Amino acid sequence: MTTATVTTGKATTDERALAELQRDHGQALLGFLLGLTYGDQQRAEDLVQETLVRAWLHPEAFDGPYESMRPWLFTVARRLAIDARRSRLARPAEIGDGMLAATPDPADATESAVAALDVREAVRGLSPEHRAVLVSLYFRGLTVNEAAADLGIPAGTVKSRSHYALRQLGHRLPDYRPGRRAVARRRTAAAQ
């Protein structure tokens, strides 16, 4: 039986040989790929199809020195699975409709207005000394040394008051995460 036919100037595997290949090795190939795809049936089936397309495009593989096509098929399938995984890891993660629906609209000023009100209320609850340090550092954008000179206190005191003021804000603001100064700065800036 010939394993190659010529269509549009390019040799491809004969359809009967390809059907026989799928019948003889299809289930074993699917089982192998299920293991490589961590049980993802759809992805494994897609890879089986792609492997058989490769066999269809390369009739010369049937003329190899081996008795069975299974080693060639498994090698091609493994490489395709690796390529597919690398491709998925290189793309940004896809998000579903549920995530999009839960994400606030950036054009809607309601969220930032509510956050600004929360921050203002939390800042008002600080002692005047702590509030003065935060205003100097975050609202006016002064450095620690500039704030110290402006407030007439040592730089170490500015750092200490800033630290404790941010901790108090963290207790007063439910979604504040300590150690994320950029978040605190954005929220404090929104309070102006």
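# A guided tour, beginning at a loop

Select Y38, which is found in the loop between α1 and α2. Helices here are DSSP runs of H or I with at least four residues, strands are runs of E with at least two, and both are numbered from the N terminus. The structure is a predicted model, in which local features need pLDDT of at least 70, side-chain atom pairs count only at pLDDT 80 or more, and totals for chains, interfaces and linings use all residues. Residues are numbered from 1 along each chain as its sequence is written, and side-chain values use heavy atoms, with hydrogens and water left out.

Y38 is not a glycine, although its phi is positive, at about 55°. Y38 is also exposed, with a relative accessible area of 71%. Exposed means over 50% relative accessible area, buried means under 20%, and partly exposed lies in between, for a 1.4 Å probe and protein chains only.

**The whole chain**

Now display the whole protein as a cartoon. Nine helices and two strands are present, and their order along the sequence is β-β-α-α-α-α-α-α-α-α-α. Of the 192 residues, 29% count as buried. The accessible surface comes to about 12700 Å², and 53% of this area belongs to carbon and sulfur atoms. Such areas come from the Shrake-Rupley method with a 1.4 Å probe; for residues, only the protein chains shown count as cover. A contact means heavy atoms within 4.5 Å. Among contacts between residues at least 6 apart in sequence, 55% join residues at least 24 apart.

**Helix α2**

The expected span is 1.5 Å times one less than the number of residues.

Which residues of α2 are buried? They are A44, L47, V48, T51, L52 and A55. These residues lie on the same side of α2, because they cover an arc of only 140° around the axis. The arc is that of the directions from the helix axis to the C-beta atoms. On the other side of α2, colour Q42 and Q49, which are exposed.

Centre the view on L73. Leaving aside residues up to four places away in sequence, L73 touches L21, H25, L29, T51 and A55.

**Salt bridges**

How many salt bridges does the structure hold? It holds five. A salt bridge is a side-chain nitrogen of Lys or Arg within 4 Å of a carboxyl oxygen of Asp or Glu. Three of these pairs may be selected in turn:

- D40 and R43 meet through their side chains at 3.2 Å, N to O. D40 is partly exposed at 27% relative accessibility, and R43 is partly exposed at 31%.
- R23 and D24 have their closest N and O atoms 4.0 Å apart. R23 is exposed, with a relative accessible area of 60%, whereas D24 is partly exposed at 41%.
- R124 and E121 meet at 3.3 Å, N to O. They are separated by about one helical turn, because they are three residues apart in helix α5 (residues 110-124). R124 counts as exposed, at 56% relative accessibility.

**Helix α8**

Finally, select residues 155-172, helix α8, which has 18 residues and reaches 26 Å from its first C-alpha to its last, close to the 26 Å expected at 1.5 Å a residue. V158, S162, A165, L166, L169 and G170 are buried in α8. They cover an arc of only 145° around the axis, and therefore lie on the same side of α8.

The last stop is H171, which also lies in α8. Is H171 buried or exposed? H171 counts as exposed, at 69% relative accessibility. To finish, draw a distance between the C-alpha atoms of H171 and A122: these residues are 49 apart in sequence and 9.2 Å apart in space.
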